[in-house]
Amino acid sequence: MATEISRRSMLRYSVLGLGGAAVLGLAGCAPDGSSGPAATPGGAGTPTDFAFASWSLSEEAAKPAVQSALDAFAKSDGIAIDTSTYPYNEYLNQLTLQVRGGQFAGAAQLDVAWLSALAALGKLTDLSALAQGRGYTDAALGAGSLDGKQLGLPWTIGAVGLIGNAELFDKAGASLTPKTIEEFEDGLRALKGIGVIPYAASTKAAQLKDIVVWMQTFGSPIIEDGESTIGDEASVKAVEWYKKLYDDGLIAPDVDRAAARTLFAQGATALYDDAPVGKSSVVSQSPDASLGDKMTPIARPVLKSGDTPQHVLWGHLVVVVDGEGAATAADFAQWLTSDPQQSEAYFTELGLPPTTEAALASEAVSQNAFVEAFTSTVTSTAAPSPLWAYPSYAQMETAIAEQVQAVLIGQSSASQAMKTAGNAISGLL
Amino acid sequence: MSTIAPAPPVLTSEDAAPPITRRRRGRIRWGMWISLAVIALFGFAPVYWLLVTSLTPTNLVFTFPPTLFPREISFDHYATVLGNPLIFGYLRNSVIVSVITAVLAVAVSMYMGYAFSKYRFAGRKSLMYFVLSSQMFPQALLLVTLYLVFAQFGLLNTYLALILSFTTFTLPLCVWMLKGFFDALPDDLIEAARIDGAGPWRIFHSIVFPLAAPGLVAAGLFAFVRGWNDFIFALTLAGPDRQTLPPGLVNTFISEASTSWPALMAASLIVSVPVCVAFILLQRYLVGGITAGAVKG
């Protein structure tokens, strides 16, 4: 059976189809409707409804604390706050799409690493005026500033540091306060002797960005005068040292952050890298009810005595996207991150370090031995990763991770791999 | 002149295949059983592990070395999942959008597949490959375009946005599946109906449609499962009130610092039940060969 359709008919249908596609394409390229005047933060005028985006609102542990803060602010101002939430791993992509598509204006929770990526869209409000006189620590304010503008107010600020199991260290006779790389390595060898994985360092590509802080420890600035320094002697030495730990069984293959937490929770490793936020996860999956008390923050060892321990900042900011409700959203961001009562309540419920001098000095913080120790030994010397200043920082971290992994599995030499990674990063700067 | 057909070759006992002895038959049977057991193990092991994890208390989930049977059994995770009203909201949304997507995809693709199979028109092959090539676009590319288009039309955070997007990426393969199915239907049958005076509409709905039922069910199930399992479109286009199960479960059980694996496993088992039921109820339609013998003589 064959029924003929004329060429003319086909042409007509094709034109209709292409017309439809053109309409859709134009719609996709149309202005996004959010290019209005920038909001004026600072509480001028009557409070208005605004939107708030946060991944914490979908997390069982954090949601009640965040929701009660939203309810309290909305009630006091007699406004409504429209919330949206996405899983942490998808959050930046979703928020970027919404902001780029003109579908989101208001306050948003942001990981400190993501600031430049979101700022590149050009829609974040400068909150410098709101950052004054609130008592934020310099380190916390630094985490939210970019190119001289205060684009985010710090909500919780900590760092990623080494966390040890004091009981296992004690059993092995290893030092919980190693000063230098050599002392640290001696401790790892002692830990190996008691049959645990000494250090659950990241060896899986997903988390191999952790090597950057070891490169800094060995003296590589990573970025200097706008140029990548990866491939220099220090970065190569750091990777060679990492490879030695790997070959000697002091670190294990296929470990990422989740695996490290699990190994630590099971008592299978004595040491891993994490931020304070990981503690509750580790404790909840451990059969050892007293593991929380054994978790001890350790200052990262240095290459030679007198060097400053290197730690990368970790934390959450609140940013404000220009548009409807942005002024009230900015007031909310300031209140949420620096109001004394609110800061203390948030810390008490979630154990996340606050960002103002007053809150850090409060009784609630000083009574939490883990956070107190973490803040003094790790966070005190933390700084943002030099790569975060660039919107394509994630691709840079991936380039490093892939090359370090090639070294670990013996496919490349450290010098060749770091040269390749450095070239890739130079292309992304 | 008459021709004499050559006599068939005579097979001798040396030419014949060696007889299958009882012992050899037994070995073949054992081989089959072992192969089937390995395949079954491969298929069921993940489901078994899902079940075991969902029944294990949180602090024992990562016990090393892992055990085949849980040391302790806990139904707490099922209670957690069933006690969470959000899960039922996600389930409802998934059912609504997946069922409508399946119906819509089948309704459109059956006409397209039939036209591609039984009609001859200029550019038919090019159009067919164009439809298939649209399947090759990266989902992220389609997603951004759809997001902006739906935003312009005010369709974000609606069921319609999800249904249209799911149908968009389901349709090409459904069309090709059904085209293949219609190709297998004999033209003689359609020609006979035409000679009897039936028009194209009548031919399709009274003759082709019933015969194509297994193909339509298969395409519908394919579209249903694609819609049911989709994560990224649902996450981006659905908004908080229309979110389906995949993003909903991730949102509920996976957080920045940890994943509640046992609860996630329990939820996954619970929500896979409707799909299993659908397959069990419809499996007879999935078996081909219903059209065999439609034309005799």
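**Ground rules**

I number residues from 1 along each chain as its sequence is written, and I letter chains from A and number ligands from 1 in the order in which they are written. Because the model is predicted, local features need pLDDT of at least 70 and side-chain atom pairs count only at pLDDT 80 or more, while totals for chains, interfaces and linings use all residues; side-chain values use heavy atoms, with hydrogens and water left out.

**Confidence**

I looked up pLDDT, the predictor's confidence in each residue, from 0 to 100. Chain B has a mean of 84, and 89% of its residues reach 70 or more. I also looked up helices (H or I, at least four residues) and strands (E, at least two), which are DSSP runs numbered from the N terminus. In chain B, confidence is highest in helix H3 (residues 85-118), at 93, and lowest in helix H12 (residues 261-286), at a mean of 84. Over residues 289-297 of chain B the pLDDT is below 50, and beyond near neighbours in sequence this stretch has six contacts in the model; a contact means heavy atoms within 4.5 Å. For the complex, the predictor gives an ipTM of 0.73 and a pTM of 0.79.

**Aromatic pairs**

I counted rings of Phe, Tyr and Trp (its six-membered ring) as a pair if their centres lie within 6.5 Å; planes under 30 degrees apart are stacked, over 60 edge-to-face and the rest tilted. Over all chains, the count comes to 32 aromatic pairs. One of these joins A:Trp55 and A:Trp114 edge-to-face, at 5.4 Å centre to centre and 70° between the planes. This pair links distant parts of the chain, 59 residues apart: A:Trp55 is in the loop between strand S2 (50-53) and helix H2 (63-77) of chain A, and A:Trp114 is in the loop between strand S4 (106-111) and helix H4 (115-119) of chain A.

Are A:Trp55 and A:Trp114 buried or exposed? Both are buried, where buried means under 20% relative accessible area, exposed over 50% and partly exposed in between (1.4 Å probe, protein chains only).

Next I checked A:Phe370 and A:Phe374: their ring centres are 5.8 Å apart and their planes at 50°, so the pair is tilted. They are four residues apart in helix H18 (residues 369-377) of chain A, so about one helical turn separates them.

**Charges over rings**

Here I needed NZ of Lys or CZ of Arg within 6 Å of the ring centre and within 35 degrees of the ring normal. The charged end of A:Arg300 sits over the ring of A:Trp214, 4.8 Å from its centre. In chain B, B:Arg242 lies over the face of B:Tyr159, at 4.5 Å from the ring centre.

**Nonpolar cores**

A nonpolar core is a set of buried Ala, Val, Leu, Ile, Met, Phe, Trp, Tyr and Cys residues joined through side-chain atoms within 4.5 Å. Which members of the largest core touch the most others? Of its 131 residues, they are A:Phe52 and A:Tyr242. Strand S12 (residues 311-321) of chain A gives the most to this core, with eight residues. Another core lies apart from it, with 46 residues, including B:Tyr114 and B:Trp228.

**Cysteines**

B:Cys174 is buried, at 0% relative accessibility, whereas B:Cys276 is partly exposed, with a relative accessible area of 42%.
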